[in-house]
Amino acid sequence: MASSSPPFASGPPRPRPGFAPSANANVAGAPQISQIGRPVPSSAAPSAPLQPSPFSAPLPASSRPGHPQFASRPPAAAFPQGLVASNGPQGLAAPRIPPPTHAQPTPPVGAPASIRAPSPSAASSQAQAVRPFPGSPPAAAASRPFTSPPSSQQFGRPPISHPLSGSPTSQPPFGGPPTLQPPFAGSHPALAGLPTTQLPFNRPPTSQQFGGPPTQQTFTRPPVSQPYMGSQPYAGRPSPPSYVGPPSSQPFPGPPTMGAPSGTPAPAWPSQPRQVLPSMPGNMQAPPRMFGMPPGTPGHTMPPVPPAMGNSPLAGSQISTPSKIDPNQIPRPLPSSSVTLFETRQGNQANVPPPATSNFVVKDNGNCSPRLMRCTMNQIPCTGDLLSTSSMPLALMVQPLALPHPSEEPIQIVDFGESGPIRCSRCKGYINPFMKFIDHGRRFICNLCGFTNDTPRDYYCNLGPDGRRRDADERPELCRGTVEFVATREYMVRDPMPAVFFFLIDVSMNAVQTGATAAACSAISQSLADLPDGPRTMVGIATFDCTIHFYNLGRASQQPLMLIVPDVHDVYTPLHTDIIVQLAECRQSLEQLLENIPNIFENNKVAESAFGAAIKAGFLALKPTGGKLLVFQSVLPSVGIGSLSSREAEGRTNVSSGDKEAHKLLQPADKTLKAMAGEFAEYQVCVDMFITTQSYVDIASISVVPGTTGGQVYYYYPFSALSDPGKLYNDLRWNISRPQGFEAVMRVRCSQGLQVQEYSGNFCKRIPTDIDLPGIDCDKTIMVTFKHDDKFQENSECGIQCALLYTTVYGQRRIRVINLSLPCTSMLSNLFRSADLDTQFACFLKQAASMIPVSSLSQVREHITNLCINILHAYRKYCATVSSSGQLILPEALKLLPLYTLALAKSIGLRNDGRLDDRSYWVSLVTSLPISLAIPLVYPRMIPIHNLTAKEDDESLLPASIPLSSEHISDDGIYLLENGEDGLIYIGNMANPEMLQQIFGVPSVDGLPSQLVLEQFDNDVSKKLNDIVNEIRKQRCSYLRLRLCRKGDPSGMHFMSYMVEDKTPGGLSYVEFLVHVHRQIQTKMA
Amino acid sequence: MSDDIAVGGGATPTPDPDGLDGVRMTWNSWPRSKVEASKCVIPVAASIAPIRASPFLVVLPYAPLRCKPPCGAVLNPFARVDFFAKIWICPFCFSRNHFPPHYAGINETNVPGELYSQCTTVEYAPPPLDAAAPPPPPVFLFVLDTCLIEEELGYVKSAMRRAIGLLPDHALVGLITFGTQVHLHELGFADMSKIYVFRGTKEISKEQILDHLGLSSAGVRHGAVTGAPRYTKGPQPNGLHPSTSVYRFLLPASDCDYTLNSLLDELQSDRWPVEAGNRALRCTGVALSVAAGLLGACVAGTGVRIIALVGGPCTVGPGMIVSKDLSEPVRSQKDLDKDAAPHFHKAIKFYDNLAKQLVNQGHVLDLFASALDQVGVAEMKVAVERTGGLVVLAESFGHPVFKHSFKRIFEDDEQSLGLAFNGTLDINCSKDIKIQGIIGPCTSLDKGSLCADSVVGQGNTTSWKMCGLDRTTCLTVFFDISPSERSSQPGIPNPQLYIQFLMHYQNPKGQMRLRVTTITRRWVDGSNTEELVEGFDQETAAVVLARYVSLKMEMEKEFDATRWLDRSLIRLCSRFGNYRKEDPASFTLHPNFSILPQFMFNLRRSQFIQVSNNSPDETAYFQMLLNRESITNSVVMIQPSLLSYSFNSPPAPALLDVASISADHILLLDAYFSIVIFHGMTIAQWRNMGYQNQPEHQAFSQLLQAPQDDAQMIIRDRFPVPRLVICDQHGSQARFLLVKLNPSSTYNSAHEVVPGGDVIFTDDVSLQVFSEHLQRLAVQ
């Protein structure tokens, strides 16, 4: 495909390459696909179902109004958020009892499925409207956006509340089904009965959440899946054609095809989109709300109070109470698989984005897609005091090259020619839809700094009657939240760099003997086809043990020459040219070489590894151009620059230092690598590390290099030559073929009143305002925190603009400008209503990760728990004062925060029993983790796979997930748990032998291999399972390290450690945790 | 000294001035006292050729008998033997030694070879300790410069190919190429071409090199690598472990023949970019360090030649002689005189250390420098000379001087250089004789007690290491006569003095040999001038003076060589000439002294003294050859020989004078470094008209051919191959002849020139003027 002009050249659309293909593929043999020329392999199949479903779903939904749905999902509706009531006296049993029963059975199945966009949303909106305080709110609320729809919905909603009332705490949620209608009624009673009564009111909203909608938001996965439909990215190594071929090409090529922005997707999506769209209208309004209260609330001052669990005042009783809480009624994420359309702005107001993990299609009409940038709160507090009162973080997650949904309009490319993009002459902010043109268009006011600029003559345009420029809708930079400008000379210190990939392979004894070297060579060899085409793609290769071996690839038709650099204390490159050559010229000799390397070093007896020197040498080779350095490392670097000692062992022997000093081992051993990394970054060298090891490699120290250069660490521990090569290959392939940019610089600007406090992520920072990203790709996320330096006016908007200057793999210099404009508020309740759970949690996660190396684990856990408690306390104190102090009241938007906080406290990074490297890896992973993967990482998805064939009717490919609690695991079951990184398959010891035979090809638990390679056997179960795994891979952009876990051995224990809702030796159960939180809040209130 | 020559059979086809012993002395009668010795002006010195080839050499297949320690002298014809008591008395220390049991059969009529009176030089070839072990193979490590233009690289490659073809199959071969960086080729790596790359800018220690090559741990098995570098006598029997790392880098020629050739095929000029206005970066120093380090680890103690082929100056790293910036010229002699060569001393120091390392390992550095500009021979000289390496300086790798010389190293025929390794020279002297030192290709081992306080050259020792030597290698030993109180007492009148040279070495076949030369000379009373005069060897004296002066020029700042030589000559003439005081006309010299003034005249004008006419590299080159060549050859360097060819008369020696030029003569000048065939004007005209091709002018053709043939004769025997210049009178190349001639007629005296003759455009004094002055000054 238009490799040359590609992706972006085509101008308008730049779809999400990588995955797009697949999605389309399924959908309708989209044009893209055809272009790519890749067959629509199996992947197609899986994807197909997904997409259709999302869209189709809506339809049905619309067609059948709320009823059926509601009915079906009763359980969901019930509990909602909030409150977990510990039961005080009254709240107690009642709630649970009725609902519980329903709940349990129903939730899993019914809820997800049933939850359609429309219904939930409706409910929520109404709820809000309703509950608001008796007085004014309701009306107001209604009047606003929601007016029309809400009202109708409201009706629906109330019922929900009702059930609640019955049992205040439990609420309808679970009772769900019936609840819908009752709500109203219920609420009253509730009110009457208890202090909680208000809750009920409040609750209703909450209830909604619980009811379908809320849950959906949090957990909707499906959306994700679509992006990846491509599936291709993950080719199961060689064999599975389905995954293999096209991926690479697509990523980028895809875009090009996009030429017709809409066009491409069109074919594929068209059909569906249309369906959707049509339906959308109806839904349109709904969707936004669906996702959460936010939608409904936008304008509302609504009653803060949401869900609360009745809690009896008695402290003493509380203790006992926890046990009485019905675990099934407490807030849990509920998945939704339907696709929603999200318009970023409506009525000149920012919409609250759907959950990051849900399946949505963005229509950019002024604000950027939430995939690219989303804020912890969708309204900006007017003052710093208000912010600190809320205890919530104000931060922005920027994923500047995030993959779009295949059916989204590609990002438009704007070329201003010689003059370059229009910028504010004071703050240098880029032109964006929120710059206000005045004086008949002759001047414009910068939305960031407020400066009034003259409009350049050739950019002048009259204003229309509405005060907008007449050409605003034709100019992407004036109507789209995200555009890409073609950079002029002014933005280049040199010609855009070529796409250079330098591979560095560990060939020390261990690496060779464990098969890591062979796996790396094979992965590289296979991935060559996925490198960008064209003369600008250069490659080089080197191997290392205690010396560094370069290969002269520039000798056409001759055997490569091995050049050894033996001085690992002061390295250099052995050649000036020919180490890095055009891929096209050396393809054959490179493949030959990769084939030979494992043989050449077959008998290598050198156990030492000069890792530091090797990367330095690789850097020197790349220094003239910059580029990506892909390192395959298997053992602890032991010689040369940056060599490390086995601190883990030292830590163990030196017991006296104890736990107090333990975290020091998670800090880099010294500054050598950090300094090197800084130099790498300066010369635009981005380092990715593939750590294929069976021992301690001190990731804490070496991850500094990728962390500073915009790279990432891939960790395969313990490396298995049997099961890991597939993942290694797919990781590498995705690494080099995903959308990415080089020599990037990023800066975030915001309106006066706020200022950027800190950036965090994988980058190098040399000056306070900018961050340097030698490499940036679609999976990298940067967190930006803000602080107030002034006040905002109540009705003003705060603009946030992220500008990323980068070079595409095809050598074009671009400036991607991402804009977000959010309303400012001085109402605390608005802040809570507009809070973004995913973003806030991601923020917590990253904060925790940054603390791990500098604080003891217990401090970190305490810190994050306190963050959670402080927020809830603030809410309780300022927004839910009316409710009983015996109730735990959770803001609707953040009702899952306690659960995720608990899960975080029990995650690998914060667990006491983890290995140092596991923890360090976790830290490095989290640092650049996208929002959409933040929650899954700590609260994985678990699905039963022993009954796959049972429910054929399900339109969703993935079975409903079940809570992470051992109660839900039975001995005769088989479960798949995935967190975006690892996939654990747990096999109960009573598992059905027939099922085992079908899935694994062995008749009994005992016959299972220790290392898993998931094969596809000729039976439905196996096919289904493979489809599921592939689907997850697509969703997560990750191949997953599949491992078998058996009850009763360490692997089983490992699996069980993910059951975060369970009580563990060092941690509370979910219910206990809620009680703990509640008690803490009460203490504070007192 | 010819009377000392005791040649078996007495049938000497051609009188050999050096004789079997290969020893020539300035004074064959030694003054008794220090004062008298100093009055002799010319130092008491001997020029020895320790392993001179001779058809009459007696080789004894057993171990020598040695005098009891500390003397250690070997039994020789001058020992007094008591056949009855089976006792011999050492002529050096007068100890009495019993013959061992296996000499039991000794009697007057049955004496072992070493006691034959004519066998003052014998060679012992005791059977090796381990008869089964083959002698260690020779090792050749090529160090090849790649900062060359394609043409030169082509020449050097073809020279290398030829050399590889000539190597004995069992010889071990290694290859290092260098430019900006050093490439050490691992020839034993089968999978692909594997090269260790060392940076050119950084000096690396031997230990680092071993570490980098992964030899340090493997080396534990070799004695060589562990501990400090140490001198090993002879090859270590375990020096080569077939299984060890040796064979990674050094492979038998028969095994790596193909590899080497393909490597050469692929070898390209250094690929690092050369910025405009700069020289190529060339790290000769590091390359040699790496070579030395590698060999130290792998084959310490065995015979190794590092053959460096260098095409330009070292511009980077240790041993750098000039910066890469072209605006900085390579140091000239003037710079050195003014001490304005910024890199010179550092480089010398570096090569000095390298020399020490190589000597410790017993390895030889040969230098083949081929470039129009200097390459740093002056700095590298120390490493070459101390290790007994060969040196060849040429303009290009395509030049016959290089091509033919290079080939000679590997040839194994009559012209073979007889390259030997691992020599150790020990000298025993009669008491009252001490040794000041040696000038020549050797290194002092700093041991022994018979050393003089004043040191000349490699001194402070009676034992010297000669890592490499060949049958023409020649050393100059300086003696100091310092009679002790006791010996000056008239009571012990021993009229003879004895000197014994013990030369251990590994011959070209790899066998260990000990050659013992014992000589005797007479003490004379210093006041007896006649006896001293009789024993004077003016050729040797001229050469020794030349070597001595060169050394002083090198060692002493501000040393005025010409003045020193003049003074010495005047003193000598005053002392040994016959004259009446203040009467120059009465001055005559004994025939044994008669040519010396002429030698001195030519020496003063030679490249050895007039160094400012040459680059430091050339000077160093000339000096190294002067120091290692035989007396005969050295005399030619000082005073070239001139042959004249004409019709109707056989070739005849001609005066080294411009007057010898004649239009109808052909002159053949042998100036050692160059050979000039000079056609008189008429001859040249005839030749240009092609008479030589006409049958009726066969004689002319023969005349033309004769000097060519003679030149080839000279060239064939000489190493390095001299440069052959064929020129015509008044041609530009004629300067090669004119510069050597006595300017008896200059432009000042042009009117006296005979037709067909020539003049020299110079202000130099002629021999006649020089002699007149000498006479005048000598009689004062």
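Where in chain B does P70(B) lie? I found P70(B) in the loop between β4 (58-60) and β5 (80-82) of chain B, where helices (H or I, at least four residues) and strands (E, at least two) are DSSP runs numbered from the N terminus.

I note before going on that this is a predicted model, in which local features need pLDDT of at least 70 and side-chain atom pairs count only at pLDDT 80 or more, while totals for chains, interfaces and linings use all residues. Residues are numbered from 1 along each chain as its sequence is written, chains are lettered from A and ligands numbered from 1 in the order in which they are written, and side-chain values use heavy atoms, with hydrogens and water left out.

**Backbone of chain B**

I looked at the peptide bond between P69(B) and P70(B) and found it cis, with omega about 5°. The bond from F719(B) to P720(B) is also cis, with omega near -5°, and P720(B) sits in the loop between α19 (698-717) and β30 (723-728) of chain B. I kept in mind that most residues other than glycine have a negative phi, and most peptide bonds are trans.

I then checked phi: N422(B), in strand β17 (residues 420-429) of chain B, has a positive value near 50°. N422(B) is buried, at 1% relative accessible area (buried means under 20%, exposed over 50%, partly exposed in between, with a 1.4 Å probe and protein chains only). E558(B) has a positive phi of about 60°, but E558(B) is exposed at 74% and lies in the loop between α12 and α13 (561-576) of chain B.

**Helix α12(B)**

At the N-terminal end, D537(B) caps the helix, with a side-chain oxygen 3.2 Å from the backbone nitrogen of E539(B).

I recorded 45 helices and 32 strands in chain A, with buried residues making up 68% of its 1086 residues.

The largest cavity has a volume of about 360 Å³. Its 24 lining residues include Q712(A), D779(A), L925(A), L933(A) and E981(A), the closest to its centre. (On a 1 Å grid over the protein atoms alone, a cavity is a set of points where a 1.4 Å probe fits but cannot get out, and lining residues have an atom within 4 Å of a point; points are joined across faces, edges and corners, and the volume is the space filled by probe spheres set on them.) Among the elements giving two or more residues to this lining is α35 (725-737) of chain A.

I found 13 of the 13 residues of α35(A) buried, so the helix is largely enclosed by the rest of the structure. N735(A) lies in this helix and is buried at 0% relative accessibility. Its side chain makes a polar contact with that of Y714(A) at 3.0 Å (a pair of N or O atoms within 3.5 Å, where within protein one must be able to donate a hydrogen and the other to accept it, and residues adjacent in sequence count only if both atoms are side-chain atoms).

Technical notes
On a 1 Å grid over the protein atoms alone, a cavity is a set of points where a 1.4 Å probe fits but cannot get out, and a pocket is an open set with protein on both sides within 12 Å along at least five of seven lines; lining residues have an atom within 4 Å of a point.
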